[in-house]
Amino acid sequence: MNVRPLHDRIIVSRIEEGEQKVGGIIIPDSAKEKPQEGKVLAVGKGTVSEDGKKTPLDVKAGDRVLFGKYSGSEVTLNGEEYLIMKEVDVRGILGA
């Protein structure tokens, strides 16, 4: 992927969950909620404060993160779906 997010934004690929069964009933894909866990693919260079200092992001490429249900903007690149979101939309880093 040749996309680099700007400033405090990150590009995330959702991590799909396995097939869900509730009481022996298989829930179809159309009824499933989108996963709120993903892998960070690319990060911006950070925010710039008013005095000109650059603050790097806490997340880095390769991190598994949790994010809010309605976080980010969905984009499709080369047939794959990704999320572009600000670092503040990340709720936590898994395995940190």
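This is a predicted model: local features need pLDDT of at least 70, side-chain atom pairs count only at pLDDT 80 or more; totals for chains, interfaces and linings use all residues.
Residues are numbered from 1 along each chain as its sequence is written, and side-chain values use heavy atoms, with hydrogens and water left out.

**View 1. The chain and its strands.** The chain has 10 strands and zero helices, where both kinds of element are DSSP runs numbered from the N terminus (helices are H or I with at least four residues, strands are E with at least two). Of the 96 residues in the chain, 24% are buried, a class defined by a relative accessible area under 20%, with exposed meaning over 50% and partly exposed in between (1.4 Å probe, protein chains only). Among the contacts in the chain with a separation of 6 or more, 61% are between residues 24 or more positions apart, contact meaning heavy atoms within 4.5 Å.

**View 2. The six-stranded open sheet.** Six strands form an open sheet in the order β8-β9-β1-β4-β7-β10, with antiparallel pairing; two strands are taken to pair if DSSP finds at least two bridges between them. The edge strands, each pairing on one side only, are β8 and β10 (90–94). From one strand to the next the twist averages 40°, based on axes that are lines fitted to C-alpha atoms (for helices over the stretch in contact), with angles running from 0 to 180 degrees between N-to-C directions. Within this view, strand β1 (residues 9–14) and strand β4 (residues 37–43) pair in the antiparallel sense over five bridges, and Val-12 has Val-40 in β4 as its bridge partner.

**View 3. Surroundings of Asp-63.** Asp-63 lies in the loop between β6 (54–55) and β7, and its relative accessible area of 10% is why Asp-63 counts as buried. Its side chain reaches the backbone nitrogen of Lys-60 at 3.0 Å. Not counting residues up to four places away in sequence, Asp-63 touches Gly-38, Lys-39, Val-40, Asp-58 and Ile-93. The C-alpha atoms of Asp-63 and Gly-38 are separated by 8.3 Å, although the two residues are 25 apart along the chain.

**View 4. Surroundings of Ser-71.** Ser-71 is placed in the loop between β7 (64–67) and β8 (73–77), and Ser-71 counts as buried because its relative accessibility is 8%. A polar atom of the Ser-71 side chain lies 3.1 Å from the backbone nitrogen of Gly-68. Leaving aside neighbours within four places in sequence, Ser-71 is in contact with Leu-83, Met-85, Asp-89 and Arg-91.

View 5. Most residues other than glycine have a negative phi. His-7, found in the segment before β1, has a positive phi near 50° and is partly exposed, with a relative accessible area of 48%. Asn-78, which lies in the loop between β8 and β9 (80–86), has a positive phi of about 55° although it is not a glycine, and at a relative accessible area of 79% Asn-78 is exposed.

Notes. A polar contact is a pair of N or O atoms within 3.5 Å; within protein, one must be able to donate a hydrogen and the other to accept it, and residues adjacent in sequence count only if both atoms are side-chain atoms.
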